[in-house]
Amino acid sequence: MKTLNIIIPSDFTLSSLNIIPVLAERYPDQKLNISLVHFLQLSDSISDLLLLSRRSREYQLISDEFYAGCTMLKNDYADRIENITPDFFYGNTVAVFKNYLEEKETGLIAMPENHSYARLTPNSFDPTILMQRSGYKIITLKAEVKQSLTIVNAEAEHELLEV
């Protein structure tokens, strides 16, 4: 089974995961590696640039509910989805973005229709124009919500089991 690497722009909200079931149904004969990517402009600060390879600060912006949603989707579509990983892209030029896509061996960019991206940091930006200028295949999909994705935290689950 051939593996397709897909980049999805994301603001790491649960609603940004709604496109994944649509992709899984659209490509039933392929394994999918899905990267949910948030786009950040590079800082002008020299110290920020020197510490860029050691970034973990941004990953603290991703909620536990988002990680749980990724795990649930991976389990629900285990036969089709190999990996779902959050990632950050640092830069704002087409050349740097193309290098990123090549490094990820990207076969497709999937964009949710009518999704407005929330800014996680002051350096966040909407990647639409950058993606269009990259020359990569882009599909825009309507992310239909079949079932609302709700996550029960561990404490509430434990209390429910005790009753």
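This is a predicted model: local features need pLDDT of at least 70, side-chain atom pairs count only at pLDDT 80 or more; totals for chains, interfaces and linings use all residues.
**View 1**
At a relative accessible area of 15%, Asn5 falls under the 20% cut-off, so it counts as buried.

**View 2. The largest nonpolar core takes in 27 residues.**
Ile6, Ile8, Ile20, Leu23, Ile34, Leu36 and Ile84 have the most contacts inside this core. Two or more residues each come from β1, α1 (19-26), β2 (31-40), α3 (64-76), β3 (81-90), β4 (108-112) and β5 (138-141). There's also a second, separate core of 13 residues, with Ile7, Phe97, Ile109 and Phe125 among them.

**View 3. Leu23 and what it touches.**
Skip the residues up to four places away in sequence, and Leu23 still touches Ile6, Ile8, Leu32, Ala110, Ile139 and Leu141.

**View 4. Helix α4 has a buried side and a face turned away from it.**
Within α4 (residues 94-103), Phe97, Tyr100 and Leu101 are buried. Why do they end up on the same side of α4? Because they cover an arc of only 95 degrees around the axis. The cover over these buried residues includes β1, β2, β3, β4 and α5 (128-133). Turned away from the buried side, Asn99, Glu102 and Glu103 are exposed. After α4 comes Glu105, with a positive phi near 55 degrees.

Methods. Residues are numbered from 1 along each chain as its sequence is written. Side-chain values use heavy atoms; hydrogens and water are left out. Buried means under 20% relative accessible area, exposed over 50%, partly exposed in between (1.4 Å probe, protein chains only). A nonpolar core is a set of buried Ala, Val, Leu, Ile, Met, Phe, Trp, Tyr and Cys residues joined through side-chain atoms within 4.5 Å. Helices (H or I, at least four residues) and strands (E, at least two) are DSSP runs, numbered from the N terminus. Contact means heavy atoms within 4.5 Å. The arc is that of the directions from the helix axis to the C-beta atoms.
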